[in-house]
Amino acid sequence: MNKLELEGKWNQIKGSVKQKFGDWFDNDDTSLEGKFEEIVGKIQEKTGKTVDEIEDTIRNWVDNDDENQDKKDQPQS
């Protein structure tokens, strides 16, 4: 197991704990943040990419989706 795989497992555990904490104390933000960290950890473990690379990829997906949605919302001439 390499360093990034180990970090991925750690991020999964950390995210899972944060998610449970949020559930216990009815803190939706903490729960969602924990779920996101857990997912990033799983992706990191499988791909060997850094957390920053994964988050950048996700941001690009969201930005591109937002741009596509804006184009759909504009009236066509």
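This is a predicted model: local features need pLDDT of at least 70, side-chain atom pairs count only at pLDDT 80 or more; totals for chains, interfaces and linings use all residues.

Modeller: Residues are numbered from 1 along each chain as its sequence is written, and side-chain values use heavy atoms, with hydrogens and water left out.

Colleague: How many salt bridges does the structure hold?

Modeller: Side chains of opposite charge can pair when their charged atoms come close. The criterion is a side-chain nitrogen of Lys or Arg within 4 Å of a carboxyl oxygen of Asp or Glu. The number of salt bridges in the structure is seven.

Colleague: With which residue does Lys3 form a salt bridge?

Modeller: Helices here are DSSP runs (H or I, at least four residues), numbered from the N terminus. The closest N and O atoms are 3.7 Å apart, and the partner of Lys3 is Glu7.

Colleague: Is Lys3 buried or exposed?

Modeller: Buried means under 20% relative accessible area, exposed over 50%, and partly exposed in between (1.4 Å probe, protein chains only). Glu7, at 30%, counts as partly exposed. Lys3 has a relative accessible area of 62%, and therefore counts as exposed.

Colleague: What is the N to O distance in the salt bridge of Lys9 and Glu45?

Modeller: This pair links distant parts of the chain, with Lys9 in helix 1 and Glu45 in helix 2 (residues 28-47), 36 residues apart. Lys9 is partly exposed, at 35% relative accessibility. Between the side chains of Lys9 and Glu45, the N to O distance is 2.8 Å.

Colleague: Which helix holds both Asp56 and Arg59?

Modeller: The side chains of Asp56 and Arg59 meet in a salt bridge, at 3.4 Å from N to O. Asp56 is partly exposed at 43% relative accessibility, and Arg59 is partly exposed at 47%. The two residues are three apart, about one turn of the helix, and both lie in helix 3 (residues 51-73).

Colleague: Which residues does Gly34 touch, leaving aside those up to four places away in sequence?

Modeller: Gly34 has its place in helix 2, and it counts as buried because its relative accessibility is 0%. Contact means heavy atoms within 4.5 Å. With that sequence exclusion, Gly34 touches Gly15, Ser16, Lys18 and Gln19.
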